[in-house]
Amino acid sequence: MATVIYHNPACGTSRNVLTVIRASGTEPTVVEYQQTGWTRAQLEGLFAAADLTPRDALRVSKSPAEELGLLDPSVSDDVLLDAMVAHPILVNRPIVCSPKGVALCRPSEAVLPLLERPLTEPVYKEDGELICAP
């Protein structure tokens, strides 16, 4: 199994996670999910593998979640999944799949347990903050 990152290139956290993966010597498959979209089965599989509920994975800032009425706790997982398929931006990012597991990698450091190879040099966020050092 190859490493896959469900990536939003407009997101700094997503770009930082991609940098960490590449710094480990792995070139992941990059899926720009806002371009390709999601299927319900794909989301259900990713969420199950990452031990997330649709609500856990719901992006609430800079998304139409509030306007769509999705923030109410009574909104069902089925409704959230349907909305995520219709509006890919509603899925928080990045989600990384590797031979070591699947995780929503927020903050950026959450990707470290998924790396196939250890880092050999420090990796910094775009703002200069240290993400990790070997």
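I started with the rings and found Tyr-6, Tyr-33 and Trp-38 linked into a cluster by ring pairs. Rings of Phe, Tyr and Trp (its six-membered ring) pair if their centres lie within 6.5 Å; planes under 30 degrees apart count as stacked, over 60 as edge-to-face and the rest as tilted. By this rule I get 2 aromatic pairs. One of them is Tyr-6 with Trp-38, a tilted pair at 5.2 Å centre to centre and 35° between the planes. Tyr-6 lies in strand S1 and Trp-38 in the loop between helix H2 (33–36) and helix H3 (40–50), so the pair ties together parts 32 residues apart in sequence.

Basis of these entries: the model is predicted, local features need pLDDT of at least 70, side-chain atom pairs count only at pLDDT 80 or more, and totals for chains, interfaces and linings use all residues. Residues are numbered from 1 along each chain as its sequence is written, and side-chain values use heavy atoms, with hydrogens and water left out.

I then looked up burial, where buried means under 20% relative accessible area, exposed over 50%, and partly exposed in between (1.4 Å probe, protein chains only). Tyr-6 is buried at 12%, and Trp-38 is buried at 6%.

Next, strand S1. Helices (H or I, at least four residues) and strands (E, at least two) are DSSP runs, numbered from the N terminus. From S1 (residues 4–7), Val-4 and Tyr-6 point one way, Ile-5 and His-7 the other way, and all are buried. In a regular strand the side chains alternate between the two faces of the sheet.

I checked the pairing of S1, counting two strands as paired if DSSP finds at least two bridges between them. S1 pairs with strand S2 (residues 29–32) in the parallel sense over 4 bridges. The chain goes from S1 through helix H1 (residues 12–23) to S2, a right-handed β-α-β crossover (with the strands pointing away from the viewer, the path from the first strand over the helix to the second runs clockwise). Tyr-6 has Val-31 of S2 as its bridge partner, and Ile-5 stands opposite Val-30 in S2. With strand S3 (residues 95–98), S1 pairs in the antiparallel sense over 3 bridges; there Tyr-6 stands opposite Ile-95.

I moved to Thr-3, in the segment before S1. Thr-3 is buried, at 6% relative accessible area. Its side chain makes a polar contact of 2.5 Å with that of Glu-116 (N or O atoms within 3.5 Å; within protein, one must be able to donate a hydrogen and the other to accept it, and residues adjacent in sequence count only if both atoms are side-chain atoms).

In helix H5 (residues 77–86) I found Leu-80, Leu-81, Ala-83 and Met-84 buried. They cover an arc of only 165° around the axis, which puts them on the same side of H5; the arc is that of the directions from the helix axis to the C-beta atoms. The buried residues of H5 pack against H3 and helix H4 (54–57), with contact meaning heavy atoms within 4.5 Å.

Last, the backbone. Most residues other than glycine have a negative phi, and most peptide bonds are trans. I noted a cis peptide bond from Arg-93 to Pro-94, with omega near -5°, and another cis bond from Arg-106 to Pro-107, with omega near 5°. Asp-51, not a glycine, has a positive phi of about 55° and is exposed at 68%.
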